Amino acid sequence: MNILLYSLCGEGATLVQKLREEEHEVICYIKNEESRSIGDGIFWKTTDPDSIVEQADVVFFDDNGMGVKADEYRKAGHLVWNGGKIHDKLEYDRLFGMDVMRENGLSIPKTLEVSSVDEVRNAALELHESKQLVVKINGQDAAGTSFSFVAEDAKQLEAQVEHWDLDGLLKPGWKGIVQEFVDGIEVSVEGWFNGESFTDDFNITLEEKRPYAGNLGPNIGCAYNTIFPVKRSSGLVKKCIDPLVGFLRAEGFVGQI
């Protein structure tokens with residue numbers, strides 16, 4: 001096949017050699033200008049994907065944040081894997097993601113939406129000022145960054161958000177969530193949805209959110225992971241993502257979730 005790899009910052013470049021081994025032709029577009037030197041001299045690249053998309057049998061999007069373009073290609077009749085406005089909304093609008101899970105029978109921690117330091121303070125008091133609490137800020141710029149913080153109590157939570165605000169790190173109109181902290185091992189379950197159903201390929205990721213041994217250091221998201229495949233019969237698959245089939249089908253979702 002002829003594959004157009006539409007990449008945000010070159011993350012999908014690791015796929016190119018494997019796709020070549022499977023005898024596919026690959027050309028890559030990297031959206032972020034600062035990342036466009038990735039793969040120089042190693043694989044074919046383009047700076048104008050729209051001019052060659054007609055030649056592609058399939059378009060791969062390797063990250064969220066490019067949903068408008070992915071949907072544009074789909075509407076034009078191109079075969080597209082991953083990417084879409086619904087993908088972006090699930091990833092970056094944290095309260096929407098919580099609502100989708102709740103409405104489809106998945107259990108979630110008690111969650112309150114916030115959009116100011118005062119609301120963070122009130123949410124912390126409502127959840128329990130003396131317990132560990134979590135704050136996460138919405139948006140593409142905040143996802144996967146340090147705008148996710150586990151506080152020892154309400155006072156520390158409020159101080160952290162005030163720090164972000166006073167340093168000008170929060171954009172006007174920012175929104176986020178405050179949640180109860182749940183102790184335990186962080187596990188994610190991933191499936192591959194083709195628009196109608198899941199394929200038979202699933203994996204589980206054991207996530208370490210902090211970069212140093214002994215759970216030390218700042219909470220930076222996926223500091224390092226242990227990933228392994230599981231079967232459809234896995235209890236976590238049945239509990240965590242099987243309930244989403246109806247929602248995903250209705251939204252025309254194609255890709256990993």
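Reader: How many bridges join β7 to β9, and do these strands run parallel or antiparallel?

Author: Strands here are DSSP runs of E with at least two residues, helices are runs of H or I with at least four residues, and both are numbered from the N terminus; two strands pair if DSSP finds at least two bridges between them. In this case β7 and β9 run antiparallel and are joined by five bridges, and within that pairing V135 stands opposite V178 of β9. The model is predicted, so that local features need pLDDT of at least 70 and side-chain atom pairs count only at pLDDT 80 or more, while totals for chains, interfaces and linings use all residues. Residues are numbered from 1 along each chain as its sequence is written, and side-chain values use heavy atoms, with hydrogens and water left out.

Reader: Which strand does β9 join through four bridges?

Author: That strand is β6, which runs antiparallel to β9, and the partner of E113 in β9 is I177. Burial is read from relative accessible area (under 20% is buried, over 50% exposed, and in between partly exposed, with a 1.4 Å probe and protein chains only). Strand β9, residues 176–180, is mostly covered, since four of its five residues are buried.

Reader: Which residues of the largest nonpolar core touch the most other members?

Author: A nonpolar core is a set of buried Ala, Val, Leu, Ile, Met, Phe, Trp, Tyr and Cys residues joined through side-chain atoms within 4.5 Å. The largest one here has 20 residues, and V135, L157, V161, W164 and V178 touch the most other members. At least two residues each come from β6 (111–114), α5 (117–127), β7 (133–137), β8 (148–151) and α6 (154–166), with α5 giving the largest share, five residues. A second, separate core of 17 residues includes I204, V230, F247 and L248.

Reader: What covers the buried residues of helix α3?

Author: Contact means heavy atoms within 4.5 Å. In α3, residues 85–92, the buried residues are I86, H87, D88 and Y92, and their cover includes α2 (67–75), α4 (94–103) and α8 (245–251).

Reader: Where is T46 found, and is T46 buried or exposed?

Author: T46 lies in the loop between β3 (44–45) and β4 (58–61), and T46 is buried, because its relative accessible area is 15%. Leaving aside neighbours within four places in sequence, T46 is in contact with L4, I27, C28, Y29 and I52. The side chain of T46 also reaches the backbone nitrogen of D48 at 3.0 Å.

Key
A polar contact is a pair of N or O atoms within 3.5 Å; within protein, one must be able to donate a hydrogen and the other to accept it, and residues adjacent in sequence count only if both atoms are side-chain atoms.
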